[in-house]
Amino acid sequence: TAAAEPDAVTYHRLSAARVDQRSLPAGSPAAHWYFGTQARAEVPEGFVLELADGRLLGRHVAVVTRGGLLDAETSHYFGIADWREHPVHWNPFPSPPERFEGTLALLAARGTGHNYYHFLVDALPRLGMLDRALPGVAPDAWVVDRSTRYQRELLALLGMGEVSIIEPAPGLSLEARRLLVPSLPNASTLVTRETTEWLRTSLPPQRTGLPERLYVTRGSAPNTRRLVEEDEVFAVLERRGFVRIDPGTLSVQEQIDHFAAARVIVAPHGAALANLNFCRPGVRLLELFAPGYVNGGYWSIMSNIDDSRYRYLISSVGRAARPGRDMTGLMQDISLGAREVELALEELLSS
């Protein structure tokens, strides 16, 4: 993009492209095929684009140059293989842009609107990238989501409680005299060590003395990726010193504090585990999955934490995902017996 429009786009390079290689995790069933597909992750160059008269389009904030080029790297979207598939093309005749006479910085990205994980690992670390590329820069306004309580709390914790903010929305059509766009810190959706380190440094715990063994609940509503047998499973965990927490009832700072204090965590797969970024070295995680949806995001975070231990446990109840096919069981509930979980926990603690 910068090469195509050198008079309108400046490229600030931050880091070289590389390949992250992760060791396959232990778990049941052993050597699950999914983790083999994620062990090798290509991490693209890190950079910040500085665009003169740059445009932002649509709810997913597609980045478009003065000359009309869609920058594919900073406009990435889930499940697309080509820039022609981007949702921005659903509206081929966008409204004339609203002009912003000043410096505008983009933090929002795909998935950051109503998902704690993506807001934490995709939007916020772009702050650090921007500061590295242009130290001391002070944008006149920021494009970032803040409609949820956790978004407002996180922005306030980072000193952005009073800044001027433009929220992405359907039909967004905005043109800025100067537009600053960091690249996506987790383009592959596997969290890099740089992201974990920036979050831990920027959002430190404030309270100590909290429980060291946590069970993280997803509640009891059906079709939410809940653990169906949670009560019987937690009865076993409670005898082993575990405390049950519901992150949705806690402030962001309380979630940070709990995860920073934890030594062992058992949890069904869910966005609250993004707080693993705040865990200290040596933490251990047993992650529970339904057979129709397995995800490596939290395995990648654990691999960023020194001396950590990760183990997965996948239920055999329900339709399983197949190699080479899309995982369609995103909200499939998890059915695991108390003894299954206890045996997996013993394996985790003895490793």
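## A buried asparagine and its partners

A polar contact is a pair of N or O atoms within 3.5 Å, and within protein one of the two must be able to donate a hydrogen and the other to accept it. In this predicted model, such a contact of 2.9 Å joins the side chains of Asn275 and Gln255. A polar atom of the Asn275 side chain also lies 2.9 Å from the backbone oxygen of Ala272.

Asn275 is found in the loop between β13 (264-268) and β14 (284-289). Is this residue buried or exposed? Because its relative accessibility is 0%, and buried means under 20%, Asn275 counts as buried. If its neighbours within four places in sequence are left aside, Asn275 is in contact with Tyr116, Gln255 and Phe259.

## The six-stranded sheet

Six strands form an open sheet in the order β3-β15-β14-β13-β11-β12, and their pairing is parallel. At the edges stand β3 (26-28) and β12 (243-245), each of which pairs on one side only. Neighbouring strands of this sheet are turned by 20° against each other on average, when direction is ignored.

Within the sheet, β14 pairs with strand β15 (residues 309-314) in the parallel sense over six bridges, and Arg284 stands opposite Arg309 in β15. Helix α6 (residues 230-239) packs on the sheet, where it touches β11 (213-216), β12 and β13, and the direction of α6 makes about 140° with that of β12.

Arg218 lies in the loop between β11 and α6, and with a relative accessible area of 28% it is partly exposed. Its side chain reaches the backbone oxygen of Thr224 at 2.8 Å.

How far apart are Arg218 and His269 in sequence and in space? They are separated by 51 residues in sequence, while their C-alpha atoms are 8.8 Å apart.

## Strand β7 and its two partners

Strand β7 (residues 98-106) runs parallel to strand β10 (residues 173-182), and six bridges join the two; here Phe100 stands opposite Ala176 in β10. β7 also pairs in the parallel sense with strand β8 (residues 141-143), over three bridges, and the bridge partner of Leu104 in β8 is Ala141. In general, strands of a sheet pair through backbone hydrogen bonds, either parallel or antiparallel.

## One side of helix α5

Which residues of helix α5 (residues 193-202) are buried? They are Thr195, Thr196 and Leu199. These residues lie on the same side of α5, because they cover an arc of only 100° around the axis.

## The largest nonpolar core

The largest nonpolar core has 60 residues, and those with the most contacts inside it are Leu120, Trp142, Leu154, Ile265 and Leu276. Helix α2 gives the largest share of this core, with six residues. Leu154, one of the residues with the most contacts inside the core, touches Tyr116, Phe119, Leu120, Leu124, Leu203 and Val252, when residues up to four places away in sequence are not counted.

Conventions. Residues numbered from 1 in each chain as written. Predicted model: local features only at pLDDT ≥ 70, side-chain atom pairs only at ≥ 80, totals over all residues. Heavy atoms only, no water. Buried < 20%, exposed > 50% of the residue type's maximum accessible area, 1.4 Å probe, protein only. Helix = DSSP H or I, 4+ residues; strand = E, 2+ residues; numbered from the N terminus. Arc of directions from axis to C-beta. Pairing = 2+ DSSP bridges. Contact = heavy atoms within 4.5 Å. Axes fitted to C-alpha atoms, helices over the stretch in contact; angles between N-to-C directions. Core = buried A, V, L, I, M, F, W, Y, C linked by side-chain atoms within 4.5 Å.
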